[in-house]
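Please view the sequence and the model together.

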Amino acid sequence: MNGVESFTDLAAVQEEVRRELGFRLFTVLALEDEGRILTRVWSSEPEAYPVGGRKQVATEISPDWVQRCLVEQRSFFGATPEQVRQVFADHELIAALGCGSIINVPVVVGGETVGALNILDAEGHYAADSVRLAERIAERSAYAIERSVG
């Protein structure tokens, strides 16, 4: 971890994301059931995106997103509402919350994907350097995600 302290809980992760990047919506997903289910373990907007919401990886999530974020462990950056629409079935709800750009960052422990940080704001709010900041935050988030499911 390069001597940087891990977050102890998801509230601390959210505050760091707010301070470093800002957001309109921040959620955290944990990969469970041997990678078959993504469960929402944190949400800044629990009415729209409640904690405990679950998605079947094989049938409810874009295969391209799964390959990129969960398998290849590479971040996804959707800079425009069109890019968000192409990947996310819930793009109408995302737009209704005023979000038109998204950063999804896999959280990895020992080479295994354990979850993802999902950071959304208005179109144009994020840039490539925002993704790098989000990745540094994700590197420190694994412990908090593991605590939230375990």
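Is E20 buried, exposed or partly exposed? E20 is partly exposed, at a relative accessible area of 30%; buried means under 20% relative accessible area, exposed over 50%, and partly exposed in between (1.4 Å probe, protein chains only).

## Basis of the model

This is a predicted model, in which local features need pLDDT of at least 70, side-chain atom pairs count only at pLDDT 80 or more, and totals for chains, interfaces and linings use all residues. Residues are numbered from 1 along each chain as its sequence is written, and side-chain values use heavy atoms, with hydrogens and water left out.

## Nonpolar core

A nonpolar core is a set of buried Ala, Val, Leu, Ile, Met, Phe, Trp, Tyr and Cys residues joined through side-chain atoms within 4.5 Å. The largest one has 24 residues, of which V13, V17, F26, L117 and I119 touch the most other members. Its largest share, 4 residues, comes from α6; helices (H or I, at least four residues) are DSSP runs, as are strands (E, at least two), numbered from the N terminus.

## Salt bridges

A salt bridge is a side-chain nitrogen of Lys or Arg within 4 Å of a carboxyl oxygen of Asp or Glu; the count comes to 9. E20 pairs with R19, their closest N and O atoms being 3.0 Å apart, and R19 is exposed at 58% relative accessibility.

R24 and D121 also form a salt bridge (3.1 Å, N to O). R24 lies in the loop between α1 and β1 and D121 in strand β6, so this pair ties together parts 97 residues apart in sequence. D121 is buried, at 7% relative accessibility, whereas R24 is partly exposed at 40%.
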